[in-house]
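User: I would like to learn how to read a few local features in a protein model. Please give the general idea each time, then the case at hand.

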Amino acid sequence: RIGGALTVHACTNHLSKNGNVGPIIEINQKELVVSCHQVEPNVITFNATISACEKRGELEHALHVFGTVLGSRVELQATTFNSVISACEKAADWKMALQVFSAMVQSMVELSAVAFNATITACEKGGKWRKAMQLFCLMAQRKVKLDTITYSATISACEKGCAWEKAVQLFSMMMLIEVKPNTITFNAMISACEKGSEWEKALHIFGVMVRSAVELDTITAGAAISACVKGSEWKTALRLFHEVALSSVESNTITFSAAINACEKGGEWE
């Protein structure tokens, strides 16, 4: 059985690299007949199969195998749940992610940052910022370490839900406990402030980003310029555009559109 499990694990790595999980799924459905020997599925083979499905974005297959695990005598592990939730997150299926997460809670398996972060990200993709916040609070209550991914995903969820004040609170908390924000975090924060017409806060965060030597990108520039335009600070918007043009950040349609909008509002058509 150990040999069979290792063989499937090796096949998982090989097939994942070559973009084909079909044979593995077929093996699992046929009671894992490997090298013409009957092999009883165990937690290693199940986890390897679900992981392969997750890497390929095959949510339906991952859920099928997960259902088989639930109906078997195999002891559930955190890795099993993590892979299924990650598959849900990649498919942007926040409802299923929450269902699997709830099953994980009920099974008394230790909740990890991986499970929380994937579920929060699934909620962020689904535009469910309140659910993302609930998970964030539960994560803190369970004393699971809050990391950059946790904060970034939750702040992004708040940004998409136009809950800029919540995003600011999270960002302030993040800075207080010295969790380092990355480009995704800063972009979500600046975009949240832009949506809330808080151009001064957007500029402040932009300044923190620059001083922290975090890499800027076109999303950063576009959001910061747009925030200034919304605040009728067209001169500041144009100054930012010129600074971005002189930097290594490549201007795109978003940044040019924001700059043109600034010129229009400022009457600077030339």
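Analyst: First, the ground rules. This is a predicted model, where local features need pLDDT of at least 70, side-chain atom pairs count only at pLDDT 80 or more, and totals for chains, interfaces and linings use all residues. Residues are numbered from 1 along each chain as its sequence is written, and side-chain values use heavy atoms, with hydrogens and water left out.

User: How many aromatic pairs are there by the ring rule?

Analyst: Rings of Phe, Tyr and Trp (its six-membered ring) pair if their centres lie within 6.5 Å; planes under 30 degrees apart are stacked, over 60 edge-to-face, the rest tilted. That rule gives four aromatic pairs. Take Phe 66 and Phe 81: the ring centres are 5.5 Å apart and the planes stand at 70°, so this pair is edge-to-face.

User: Where do Phe 66 and Phe 81 sit in the chain?

Analyst: Helices (H or I, at least four residues) and strands (E, at least two) are DSSP runs, numbered from the N terminus. Phe 66 is in helix H4 (residues 59-70) and Phe 81 in helix H5 (residues 78-90), 15 residues apart, so the pair links distant parts of the chain.

User: Is Phe 66 buried or exposed?

Analyst: Buried means under 20% relative accessible area, exposed over 50%, partly exposed in between (1.4 Å probe, protein chains only). Phe 66 is buried at 6%. Phe 81 is buried too, at 0%.

User: Which residues of H8 are buried?

Analyst: Trp 129, Ala 132, Met 133, Leu 135, Phe 136 and Met 139. Their arc around the axis is only 160°, which puts them on the same side of H8. The arc is taken from the directions from the helix axis to the C-beta atoms. The face of H8 turned away from the buried side carries exposed Arg 130, Gln 134 and Gln 141.

User: What covers the buried residues of H8?

Analyst: Contact means heavy atoms within 4.5 Å. The cover includes helix H6 (94-106), helix H7 (113-125), helix H9 (148-160) and helix H10 (164-176).

User: And how do I read phi?

Analyst: Most residues other than glycine have a negative phi. Met 108 has a positive phi, near 70°, and its place is in the loop between H6 and H7. Met 108 is exposed, at 72% relative accessibility. Ser 197 also has a positive phi, of about 60°. Ser 197 lies in the loop between helix H11 (183-195) and helix H12 (199-211) and is partly exposed, at 44%. Lys 143, which follows H8, has a positive phi near 60°.
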